[in-house]
Every structure is written in C-alpha cells, then in structure tokens.
Amino acid sequence: MIESTLNPEAAVFRETIPAGDWWVHEIKKGQTLRILDLEGNQAADTLFFSAADPTERYSADRTIQEQAALYLTTGTKLMSTEGNPLLTITADTCGRHDTLGGACSRESNTMRYAHDKECMHACRDSFIRGAQEWNVELNKRDLGPNINFFMNVPVTPDGQLSFADGISAPGRYVEMIADMDVVCLISNCPQLNNPCNGWNPTPVEVLIWSA
Amino acid sequence: MIPTPLHSRTLHGAGMWSAVISRGKRLRLTDISGGSNVGMLLYNALERSERYNMPDTLKGQHIFYLRAPYCLHSDMGRLLASITHDTVGWHDTVCGHSDAARVLAKYGENDYQTARNDWNRNGRDCFLIELAKWGLGKKDLVPNLNLFSKVVSDDGGQLTFISENSKPGDVIELRFEIDTLVILNTCQHPLDPDPVYHHRHVKLEVFAGDPPTENDPSLTVRPENLRAWENNETYHTLRF
C-alpha cells in the first residue's frame, strides 16, 4: 500500500465515469493518471494503447512475464506488446489488481452464466464503442486481455482460480505515470452476475496530473 | 489397434508450423526428448477475428492452467478445442512467449550469420511469421498456450517455472470443436531458467475423429463448457 503525494485540487483533469459507461482519453508521457473507486468494489476494466501506433497495446502476458508475478501493484510496469513500458504504477491503496480475468462480453456471459444472459450489458461492447470513437480503424481484433483495476481474482498454488469478493473499498485508488504517450480506454464494468462489482456497479473517477 | 495418422511430421526445435484442422479431427503432440514447450494460438478458420481467449478459458473453468479434459475457449463464447488425452497434467497459458530481446539477453548472440539454421529463434517472430501466411498480424497476437510447461503461483502471485514437467514420450491430444487455424512454434518457455538454448524436436500427428456427444468428459467437467458447446452447435446449424 503506497499512498500518493498528489493533491486532487491540482489535477488538470477530473471526470466521473458512470456505472457501465466507457471513457477514452490520451495520457501524455510524464502525466499521472489516478483511477478512484468512489463507492468500493468496482472493477475498472482498462486497456492502454500507444497513442502513436495503436497496434502497440497493453499486453497482459508480457506484463506478467516481466515481473514473474500475477498481480499488479505499486512498481509494476504495464508492458506493451512490443516489450516497452506503457505506464508504471506509482501509488496503490487497494493492494493488488487483476490482469488474468479479462473483460466480460455478452458472448462469454452465455458460457459462464446462462444463455438468457446474452442481453445484459458487458465490457466488450463498451470497449468496442470507446475504441471506435478514438480511432475509426480499431475493431475487436485490437482488444487484447485488459487490466481489471480493483478486481480480486485469487490463484492458489494448486492452480485453482476464482472471482472473489473485492478487496477494494470507497476512496481507494491506483495511480500510474505514463512512460510514453498513451490512450487509456476504460469500461466501468456493468457485470451483475458475479461479485466483481459487489453486485452493484457504481461510478469511478479519473484524475490526471501534468508532468 | 493403433490408428494411422492422416498426417505426421517432426517439428524441429525452435521451429514453427501452421494449418487449418477441421472439426472433430485430433492433433497429437509428443515431447520426444522431455522438457519441450509448444507455443500455440488458435483461430476460427472461417472467422479469424474469433480467437483463443486466455481469460475466458481460465474464468470459464475456474482454473489457472490446462489439462485433460478441459477446453480451449474462444472470445465468442464457443469452444475451439478440447483436451482429450494428456499425460502431462499441467500446461501454462499466462506467461506468453519470448521475443528477440529476451532471447538475446538470456542466451547471448547466436545469429543466422554464425549458426545458420541452428540459430536462436524466438516465439514472437515465429508467431508473427506464421500468422502473416493466413492474413493475420500483430493485432491478432494474444496470450498463447505453452503446452508441456508448468508455472505455479504462490499465494502472493509470485511465479515459479517448474523444470522437467514434461518427460520423454509425454503426449497431449486436442480435438477440434470448430474448423480451426492452428499456429504453433517449439521455442522455449519465456520463464525457463535453463541458461542453455535447446532445439527440442516435437512429433506432430493428426488423426481422423468425430465431434463429441453431450456426455463427453470435456463437456461435463464444467457446465460452462456444455453451454459453450451449445453455442458451437448453434453456430454450425446456422452456418452449414
């Protein structure tokens, strides 16, 4: 647990992302992004792309490989598909974040829960719309496995994996400094079928400080 | 009676291969020397934006690794393949693949100019080369399977590569549940601490076979797998 020294009053950008909505925004090299869990236990599904070349994007496997560890926290370098650091986590009052669980989709909801859950709003639909609004060339192929900030997916030494109750709480946050110009795409997760949002999706706030 | 394979070949160490294998057929891979790693990616052969999805495979089956009788899920709520036979018991899918910089840093210089075809290839280049032959590229490179390799996590998430997970003669067999583009290479696992670069050969065979019935062990092991298979059935009914 590392707390930030940055003052929210000095942020150059603040916006609340309502439950279930998407947000896309450029973070310049040297700027710091904070994602704030306003009401607690809210998964913020997050992707990053190089602003200059969106084929260079966040890589869950490369990030895991680089640190030989599963969970993300202060000090973790968020690695790109080209092997470059996109951002580095500089503060974290939640403790750990997931990058194995991916995003929910309407299609995977039918597999995970029931065929009649297909109608429910899901992160991949938000990612698709947010990505298109940033860059018209982007489509489903550009969406690799994401980060789930504030989400708890424990793995046991014998290889079991579960979606557990959140370890986040109201006011907890994670902060990261950009190592290159990146575009951040967030789906504020609308999932109602598991405890990743405490069964009640709520807003998150994003803040940006200049370098 | 041992069935005759439709196709048989030896994959060279640090080599690569790709093919479309139709629904019902089996792909059997045999680790000839022990300690091999096969990096694998799978795509729906007809709709190549549909691809192997590590997160859905793991969370759909509540597992961190793969073994028989578990399934390999796509990002569209369907099954690409099932593990029908497996003498290994643990296959990694979270650690990705090596790239040129990692191979150079770990094993030192061993380039084509010096070593000719005994040079040190890397997983990323092998994947990108084979993907390009089917019209795919960097956008399509996602977390892969590392067949024959075992990586465990402690309670804090720290990872450890388990050496000698796969023994000489160990086998894994996949049954395809949809017509599938298979992309694979035999480069070493990225977290293998062995300082020696190995060219380990792997035997590859493809056998004829039929799609499963709904009491198949791969479909009954988890209700999620049965629902995914029902999505496959709908896809095949509408398409063919």
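Predicted model: local features only at pLDDT ≥ 70, side-chain atom pairs only at ≥ 80, totals over all residues.

Student: How many bridges join β4(A) to β7(A)?

Tutor: Three bridges join β4(A) to β7(A), residues 147–149, and the two strands run antiparallel.

Student: And what about β9(A), how many bridges there?

Tutor: Seven bridges join β4(A) to β9(A), residues 182–188, again in an antiparallel arrangement. In β9(A), A:Cys184 is the bridge partner of A:Phe48.

Student: Is β4(A) mostly covered or mostly open?

Tutor: Strand β4(A), residues 44–50, is mostly covered, with six of its seven residues buried.

Student: Changing topic: how many residues does each chain bring to the contact?

Tutor: Chain B contributes 40 residues and chain A contributes 34 residues. On the side of chain B that touches chain A, the largest share, six residues, comes from α1(B). By class, that side of chain B has 18 nonpolar, 11 polar and 11 charged residues.

Student: Which residues of α1(B) are buried, then?

Tutor: Eight of its eight residues are buried, among them B:Met54, B:Asp56, B:Leu58 and B:Lys59.

Student: What do the buried residues of α1(B) pack against?

Tutor: They pack against α2 (106–112) of chain A, together with β5 (71–73) and α6 of chain B.

Student: Which residue takes a positive phi just after α1(B)?

Tutor: That residue is B:His62, with a phi of about 60°.

Terms used
Residues numbered from 1 in each chain as written. Chains lettered and ligands numbered in written order. Buried ≥ 20, exposed ≤ 12 C-beta atoms within 10 Å, placed from the backbone. Helix = DSSP H or I, 4+ residues; strand = E, 2+ residues; numbered from the N terminus. Pairing = 2+ DSSP bridges. Contact = placed C-beta atoms within 7 Å. Nonpolar A, V, L, I, M, F, W, Y, C, P; charged D, E, K, R; others polar.
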